[in-house]
Amino acid sequence: MKRFLILIFSFILLGPLSAFAEIPNHHIFYRTDKRAPLTRTEIVFLGAGTGADSPSQIGLAQTVRKLIWKTAKKQGHIDQLEALGTHLTLTTSETYQAISIYGLSENSGKAIEIVRDLIYNLAFSEYDLKYVKSQLSADYKNEIKRPTYTLIKNLALSQTLGVTKTRSLKTLNDLSLQDIGQYADRLLKTDVVFFKVLSDRDSSEIANLLRPLTEERKMRGQTGGFVHSLNLPSTNAKVGPTAFIFEGYSHLKNVFCRWMIPCGRTGEENYIPNMISDTLGRSPESRLLYKYFRGELKLVYGTSSRYLSEQNARYIEIYADPQLHNSEELITKMFDFIQNLPDNPRFWETLKEERETNDISFVHARTPQQRLNRAVSRAIYKSPRRKGGSDAVTDDEVRAFLEKFFVPQNMIMIFLGPKDRITEILNTHLPKVDIRVHNVKELIE
């Protein structure tokens, strides 16, 4: 009987969330993992994060994250947690800020109380802010000393799809202590705070352990904080063909190439772009890009394909790294390969193989943490789900998707390597491409 009640309570705790439901405040996403007496608790402030930074305050969320860490260190909270065998992690994403603690289950209650004391006793000084600014400034400058695709892609997407820049030395330097305080206040009053928990402990125990946080929030009030919304600006589906060439990497022996194909907006079905990306590049030794461009043509060392999203932009990213003497053939052949994909019989053969192996190789291999992450991601981004999942997607739907998005006017290209040589290749073989040359310093200015 007790076990039955626990199961019923667990069901209520998690709730049968629909794909389009809002996440309730203080909702607990819980998964059991009995392999060790450890608990990972993530406190997620939904709606905060880099996506909430205004254009004049780029870097604000990251600055506050570092200041919270400095406060935790200075006030002894990190030492207290470590004495309990618990590790503290602070995370800033596009959609949320999160505080995570991971350690011995028997000390979870004490660890949560320490985190509560930390976030409700934040104290920032001008000295702390100056120190964190100097750290972030040094991080920015170090990032552009090597090919850092996060920043490079961000600049390309900001100029084509309207994605917000994520780095700016100017706005970082202009941030004031008042800006920091206002952000921290909004963070603590965030409209929806939920929890991700992976533990060997019972779900009812977890709910009780979290009460110091939930009761504190109720007592202090939750108005005027961050509010989560997916109503982001629309993006232009026809942006190219556009090529971004970055100066500062002429010493490289390979030309590092990326093709990004925008394919809709956040909140749309993910089945088709995932299937296409997996067919092209997952498990590369058995997928189409690797077989063709490395195995047969021998033009590259590595290839990959990934389905990604940033803010309201979804895109499939194709990567290749030819040596300089192979770059002309690779760039022209890849351009043709992408636009001719709907009529490529080998693509359809590989897609069929992907359909047959997907359930065995991926779905059943998920760990408890992966299943937990998947449930949270679906609840945040509300991606529609259809009965039968990817098995219900027809080849005609895949073909229509390819014919709509895998076209020259929808290609964004990025090249790292000798500017003059890449420009010559593009002008000779792809004269309609809009070529944009940038210095890497622009990535953080």
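Mentor: We'll go from the whole chain down to single residues.

Trainee: What am I looking at, and how are residues numbered?
Mentor: This is a predicted model, with residues numbered from 1 along each chain as its sequence is written. Local features need pLDDT of at least 70, side-chain atom pairs count only at pLDDT 80 or more, totals for chains, interfaces and linings use all residues, and side-chain values use heavy atoms, with hydrogens and water left out.

Trainee: How many helices and strands does the protein chain have?
Mentor: The protein chain has 17 helices and 11 strands. Those are DSSP runs numbered from the N terminus: helices are H or I with at least four residues, strands are E with at least two.

Trainee: And how much of the protein chain counts as buried?
Mentor: Of its 445 residues, 51% count as buried. Buried means under 20% relative accessible area, exposed means over 50%, and partly exposed is in between, using a 1.4 Å probe and protein chains only.

Trainee: What share of contacts comes from residues 24 or more positions apart?
Mentor: They make up 83% of the contacts in the protein chain with a separation of 6 or more. Contact means heavy atoms within 4.5 Å.

Trainee: Let's do cores. Which residues have the most contacts inside the largest nonpolar core?
Mentor: Leu-88, Phe-246 and Leu-443, in a core of 70 residues. A nonpolar core is a set of buried Ala, Val, Leu, Ile, Met, Phe, Trp, Tyr and Cys residues joined through side-chain atoms within 4.5 Å.

Trainee: Where does this core lie?
Mentor: Domain 1 (2–145 + 164–220) and domain 2 (242–444) both give residues to this core, so it lies between them. The domain bounds come from an automatic or database domain assignment.

Trainee: What other core lies apart from it?
Mentor: One of 45 residues, including Trp-348 and Met-413.

Trainee: Back to Leu-88. What does Leu-88 touch?
Mentor: Not counting residues up to four places away in sequence, Leu-88 touches Trp-69, Ala-72, Ile-78, Leu-81, Ile-99, Ser-100, Ile-101 and Leu-118.

Trainee: Helix packing next. At what angle do α2 and α8 pack?
Mentor: About 80°, with the axes of α2 (residues 60–74) and α8 (residues 177–188) 10 Å apart. Axes are lines fitted to C-alpha atoms, for helices over the stretch in contact, and angles run from 0 to 180 degrees between N-to-C directions.

Trainee: What do we call that arrangement of α2 and α8?
Mentor: α2 and α8 are therefore roughly perpendicular.

Trainee: Is Asp-179 buried or exposed?
Mentor: Buried, with a relative accessible area of 17%. Leaving aside neighbours within four places in sequence, Asp-179 is in contact with Gln-57, Leu-60 and Asp-174. Asp-179 and Val-64 are 115 residues apart in sequence, and 9.6 Å apart C-alpha to C-alpha.

Trainee: How do α11 and α16 pack?
Mentor: Helix α11 (residues 271–281) meets helix α16 (residues 395–405) at about 85°, axes 10 Å apart. That makes α11 roughly perpendicular to α16. Ile-272, Pro-273, Met-275 and Ile-276 in α11 meet Glu-397, Val-398, Phe-401 and Leu-402 in α16.

Trainee: Now loops. Where is Ile-58?
Mentor: In the loop between β2 (38–46) and α2. Ile-58 is buried, at 9% relative accessible area. Beyond four places in sequence, the contacts of Ile-58 include Asp-53, Lys-165 and Leu-172.

Trainee: What about the phi of His-26?
Mentor: Positive, about 65°, although His-26 is not a glycine. His-26 sits in the loop between α1 (2–14) and β1 (28–32), and is buried at 14%.

Trainee: And Lys-298, buried or exposed?
Mentor: Exposed, with a relative accessible area of 60%. Lys-298 has a positive phi of about 55°, in the loop between α12 (288–296) and β8 (300–310).

How values were computed:
Angles under 35 degrees count as roughly parallel, over 145 as roughly antiparallel, 65 to 115 as roughly perpendicular and the rest as oblique.
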